[in-house]
Amino acid sequence: MRRILAILLENEPGSLSRIVGLFSQRAFNIESLTVAPTEDESLSRITIATKGDDKVLEQIVKQVNKLIDVIKITDLTERSHVERELILIKVLAMNDKSRTEVKRITDIFRGSIIDIGKQVYTIQLTGDADKLNAFVKTLANETEIIESVRSGCVGIARGEKALRV
Amino acid sequence: MNTPLFTGAEMVVKALSALDVKYIFGYPGGTVLDIYDAIFQQDDFEHILVRHEQAATHMADGYSRATGDVGVVLATSGPGATNCITGIATAYMDSIPMVVLSGQVPTTLIGDDAFQETDIVGCSRPIVKHSFNCRKVEDIPNVIAKAFYIAKSGRPGPVVVELPKDILIPDNKAEYNIETNVQMRSYNPTKKGHPKQIKKAVKAITEAKKLVIYSGGGIVLADASELLTQLVETLNAPCTNTLMGLGGLAGTHKNFIGMLGMHGSLEANKAMANADVILALGARFDDRVTNNVKKFCPNATIVHVDIDPTSISKTINAHIPVVGLIDIVLQQIIDELDETGFLPDQEPLATWWEQINEWRAVKSVSYQQDDGKIKPQRVVEAMYKITNGEAYVCSDVGQHQMFAAQYYPFDKPRKWINSGGLGTMGFGLPAAMGVKLAFPDSHVICITGDGSIQMNIQELSTCLQYNLPVVIVTLNNRSLGMVRQWQDMVYGGRHSSSYMESIPDFVKLAEAYGHVGIQIDTLDELDSKLEQAFSIKNRLVFVDVCVDEKEHVYPMQIKYGAVDDMWVKKGVKA
Ligand SMILES: Cc1cc2nc3c(=O)[nH]c(=O)nc-3n(C[C@H](O)[C@H](O)[C@H](O)COP(=O)(O)OP(=O)(O)OC[C@H]3O[C@@H](n4cnc5c(N)ncnc54)[C@H](O)[C@@H]3O)c2cc1C
Ligand SMILES: Cc1ncc(C[n+]2csc(CCOP(=O)(O)OP(=O)(O)O)c2C)c(N)n1
């Protein structure tokens, strides 16, 4: 089962490598990982999308918690939460027909065209993983994808629940 | 008035003194020469110069296992640091508190593949509890204080501190401030067990008809043997120890049913397999204990007390987990039992003991000594008699380790010093040296094999320099016995590279290093020569005993079977 873990940890040199090392050392899966400092610069927040059954997930959470740098970890997928990912995608837009079509698809998905080249459009879109996958698939049916980059997902719990010191 | 300024090297020394360090084990080199210079100018602690950095880690480790204090190692950058890796991993696997101070090239050169640069923090990351890249002079004292705190608290383990040369040199000075009462927002290990879980645990224990206490290294690490003994006696329950937990309950206690696991006693493994409740205390359901996890005690309710949540339900699912320090949790359990005025239900208890005594009667831990070659087990028994069972026994890894565990019952914790989790050959001698430093007036035995002893034999030289008269007893079977045993049992008797054709004359070797060597070849000279060896004070004695090379370690679990599927002798199943 796919899980999204949010981790709050000390923003120290080496703390990210400890997390990554742990996942590879213990053969835990990483689908995506994002990291950045929080508004309090002494803290970093990581979101990891991973897969595993309950037993594996229990070990992941416990093992991450055991790292000295880690302040808190929570499984966002346990309760209601918001999950977002960003994609930047460059596609071929050679003629009027493909330009119109690309623009139309982008609008439907509520993306935006953020750069235009002689023969290419660069599009930005945010959403959950499913939406991004659907968008990429639809575009691919229409034109050629030249390049794309995804941020990996970030997530936050709904309501009052918060991950903080 | 000006506040005094100190170099980083001076700060290292001051911090170690402030933390009550008595010994550090190390080897000098370019990046740590400033620290060596500062050590030279103080006398709060002694530095022990080893002959190989791996030995420094094992010495610090042995010292820690015997005393409970943090073991401290100092190594230079590059090869010095990488030589520590095996010792760090050994300490990590057995949860031993250790701080390894490693030199590093100057910060300006880090990343340039400078002379003797290795990323020791990176290399050691999977085998440390934590590590620090120290980068500022003024940070040194508190980084070291934190390293000690992390190493010793919660589930203990090794911590690496990397110190670049430019923060140690005389040009770079700062004020010295140290906070030994460490507080960290990201690290607050649990202490007490959750009261609800304690109640649940006590309920399960008191309702059990066939209870077994399975206690491990956690009892030894927490110095909780007295509380364990009290609980065992209150419940009149059978108690088994893991290899790491030996001495947690006295080996001669009437409720002790032997070690469990791969080479455990039949009664211990049978009791586990037939128990309705298993109370696991500071033990981690290692695969050398459980055998096939799918067949592990399917009918037992498992109560698991451990300070480390990752140990719980990792391999075997715990029905009642209790996270907490074992000494505190044991006291909570005992108090709860007191409060409920618990008395064991005599009838089922008597039936359970009857059953256990039947398994005991098989005498699965036994051997046959005829007139022929000396049996290795016989040597261990002889040492037990001579030392009244009171020696510190430090072991290497192999058959001799199992014979020592089976035939030298330990009545006190911290007396049995061995590498269980990593199984590091070469651990025994340096570990024994660390123990001897701490307890110079006790008998300290290094029991070893002809293979293992050669993995750190150079330390015989250190023993002479610091006058460490340990007694080394090699159960010499002219082969890598444990490997050979597996080849006999699993690989059709093909002894691929398990036989050593060029074993040195250990007596001469010991003499060459300035020690006493004693050769024992026949059964009739065994006792008298061993007596002689143990009567020599102030000289290291190396006893080379020629033992039967065909002897196998029994009992032994049958691979892929349940915990109690065992060979009790060659070809005889339980
Ligand atoms: C050749 C060979 C053969 C072996 N055969 C056997 C065998 O037959 N039987 C056997 O048992 N082992 C055997 N071993 C050893 C085995 O590999 C493991 O090292 C051992 O079983 C682990 O012991 P343990 O479960 O007590 O855990 P340890 O490794 O001692 O771990 C201690 C546990 O206690 C916890 N703990 C630590 N401090 C505290 C505290 N203060 N409070 C609460 N919890 C705490 C830790 O978190 C950890 O989970 C063998 C090893 C070798 C090399
Ligand atoms: C460093 C290391 N290398 C290899 C092994 C694998 N191994 C386990 S026991 C053993 C043989 C030990 O031989 P010896 O020290 O002579 O002891 P014996 O079994 O004969 O008593 C070996 C090679 C190990 N445990 N450690």
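Rings of Phe, Tyr and Trp (its six-membered ring) pair if their centres lie within 6.5 Å; planes under 30 degrees apart are stacked, over 60 edge-to-face, the rest tilted. Over all chains, the structure holds 15 aromatic pairs. Two of them are tabulated here.

| Pair | Geometry | Centre to centre | Angle between planes |
|---|---|---|---|
| B:Tyr384 and B:Tyr408 | edge-to-face | 5.0 Å | 85° |
| B:Phe506 and B:Phe542 | stacked | 5.3 Å | 15° |

This is a predicted model: local features need pLDDT of at least 70, side-chain atom pairs count only at pLDDT 80 or more, and totals for chains, interfaces and linings use all residues. Side-chain values use heavy atoms, without hydrogens and water.

B:Phe506 lies in helix α20 (residues 506–512) of chain B and B:Phe542 in strand β20 (residues 541–546), 36 residues apart. Helices (H or I, at least four residues) and strands (E, at least two) are DSSP runs, numbered from the N terminus. Both B:Phe506 and B:Phe542 are buried. Buried means under 20% relative accessible area, exposed over 50%, partly exposed in between (1.4 Å probe, protein chains only).

B:Tyr408 counts as buried because its relative accessibility is 1%. B:Tyr384, B:Tyr408, B:Phe410 and B:Trp416 form one aromatic cluster.

Charges also sit over rings (NZ of Lys or CZ of Arg within 6 Å of the ring centre and within 35 degrees of the ring normal). The charged end of B:Lys14 is 4.9 Å from the ring centre of B:Tyr176. For B:Lys415 over B:Tyr392, the distance is 4.6 Å.

B:Lys192 counts as exposed, because its relative accessibility is 55%.

Terms used:
Residues are numbered from 1 along each chain as its sequence is written. Chains are lettered from A and ligands numbered from 1 in the order in which they are written.
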